[in-house]
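The following note is intended for a colleague who is meeting this structure for the first time. Please read the numbered points with the model in view.

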Amino acid sequence: YRGETYSPLIVFDIDRKDAMKKPDPSGAYRDTARLLVVLLELGIPADCIYVSFSGSKGFHIEFPSMLAGAMPGTNFPETQKAFCSMIAAEAGIEIDTSIYSTLHSLRAPNSRHEESGLYKVPMTAEEFLDWDLSQIKTLAAKPRPLAPLSFNRETINAVWELWRHAGQMTRDNTQRRQQNTPSVRGDPRIWDATWQFLINGAPDGERAVAIFKAASNLAHFESVDDLIRALLSRGVMLCGLPPGEAVGHIDSALRRAAEARLLGQIEFPPEP
């Protein structure tokens, strides 16, 4: 489905595991509290926020999308992902961003977790901040009715500004992915003769000319990042990875490398 989508709720999913890869509700509880404080500082009223214990290792925070002035659109999941990621970064925590897709489903309130036997119990922001984890787990032993949030809310300017910025980021990223989507033959700016030299080398008598031509071709790229994307384009095509997904992975690697250079931490990783 490529049409417009919408959700009446903006949702954060905070899950944690310990070093042994076991559920870490304590860590999730602390990070949820930090995120909740940031939302309150943004001006979101406490009575507009519900927190839910998942029944296992994490929490959900949700509030009406109308507070951000969110409207249906073809890029709604991507915009919500960018919006929630910015707020999580402000809180200094990580969230599960895999939930921001058109068909992703969430555990319903008061549903029972099949492994822990506990229920996904909703609570108000004030209740969450007043209760410790043991009290919340005790509460999760049975379903807990709670009136649903009202979706008829006024937009909050600071939240709307963040949503608008997230939407612009999403549109820019979409345009960049479209511009960098490889053709069937790989990036057309790399000549076939260059690909042949990179893959097969060159026979005696042709090596000097082949390497000169390949170097001349690759020297026309304006930046190292641009060259990296072009060199990886054919591999993306051959392995069958969706181009949009591949661009996301490449951009993430380039961004981390740029951050490492700024911090003076760049180094050559060993070959895996």
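1. By class, nine nonpolar, seven polar and three charged residues line the second largest pocket. Here Ala, Val, Leu, Ile, Met, Phe, Trp, Tyr, Cys and Pro count as nonpolar, Asp, Glu, Lys and Arg as charged, and the others, Gly among them, as polar. The model is a predicted one, in which local features need pLDDT of at least 70, side-chain atom pairs count only at pLDDT 80 or more, and totals for chains, interfaces and linings use all residues. Residues are numbered from 1 along each chain as its sequence is written, and side-chain values use heavy atoms, with hydrogens and water left out.

2. The volume of the second largest pocket is about 390 Å³. A pocket is an open set of points on a 1 Å grid over the protein atoms alone, with protein on both sides within 12 Å along at least five of seven lines, where a 1.4 Å probe fits; lining residues have an atom within 4 Å of a point. Grid points are joined across faces, edges and corners, and the volume is the space filled by probe spheres set on the points. Of the 19 lining residues, Ser7, Val11, Gln80, His104 and Leu106 are the closest to the centre of this pocket. Strand E1 (9-15) and helix H2 (76-91) are the elements that give two or more residues to the lining. H2 gives the most, with three residues. Helices (H or I, at least four residues) and strands (E, at least two) are DSSP runs, numbered from the N terminus.

3. Buried means under 20% relative accessible area, exposed over 50%, and partly exposed in between (1.4 Å probe, protein chains only). Apart from its neighbours within four places in sequence, Gln80 is in contact with Leu9, Ile10, Val11, Tyr100 and Trp163, where contact means heavy atoms within 4.5 Å.

4. Thr5 belongs to the segment before E1. With a relative accessibility of 14%, Thr5 counts as buried. Residues up to four places away in sequence not being counted, Thr5 touches Pro72, Gly73, Phe76, Pro77 and Thr102.

5. How do helices H1 and H2 pack? Helix H1 (residues 25-41) and H2 meet at an angle of about 110°, and their axes are 9 Å apart. Axes are lines fitted to C-alpha atoms, for helices over the stretch in contact, and angles run from 0 to 180 degrees between N-to-C directions. H1 and H2 are therefore roughly perpendicular to each other; angles of 65 to 115 degrees count as roughly perpendicular, under 35 as roughly parallel, over 145 as roughly antiparallel and the rest as oblique. Arg34, Leu35, Val38 and Leu39 of H1 make the contact with Ile87, Ala88, Glu90 and Ala91 of H2. By class, this contact has six nonpolar, no polar and two charged residues.

6. Within H1, Val38 counts as buried, at 10% relative accessibility. Once neighbours within four places in sequence are left aside, Val38 is in contact with Ile87, Glu90 and Ala91. Val38 and Pro203 are 165 residues apart in sequence and, C-alpha to C-alpha, 63 Å apart in space.

7. The loop between H2 and strand E4 (122-124) includes Ile95. Is Ile95 buried or exposed? At 16% relative accessibility, Ile95 counts as buried. The C-alpha atoms of Ile95 and Ile14 are separated by 5.0 Å, although these residues are 81 residues apart along the chain. Not counting residues up to four places away in sequence, Ile95 touches Phe12, Asp13, Ile14, Cys84, Ser85, Ala88 and Tyr100.

8. Asn110 also lies in the loop between H2 and E4. Although Asn110 is not a glycine, it has a positive phi of about 70°. Asn110 counts as partly exposed, at 24% relative accessibility.

9. Helix H6 (residues 192-200) and helix H8 (residues 224-239) pack at about 75°, with their axes 13 Å apart. H6 and H8 are therefore roughly perpendicular to each other. On the H6 side the contact is made by Asp192, Trp195, Leu198 and Ile199, and on the H8 side by Ala230, Leu231, Ser233 and Arg234. By class, the contact of H6 with H8 has five nonpolar, one polar and two charged residues.
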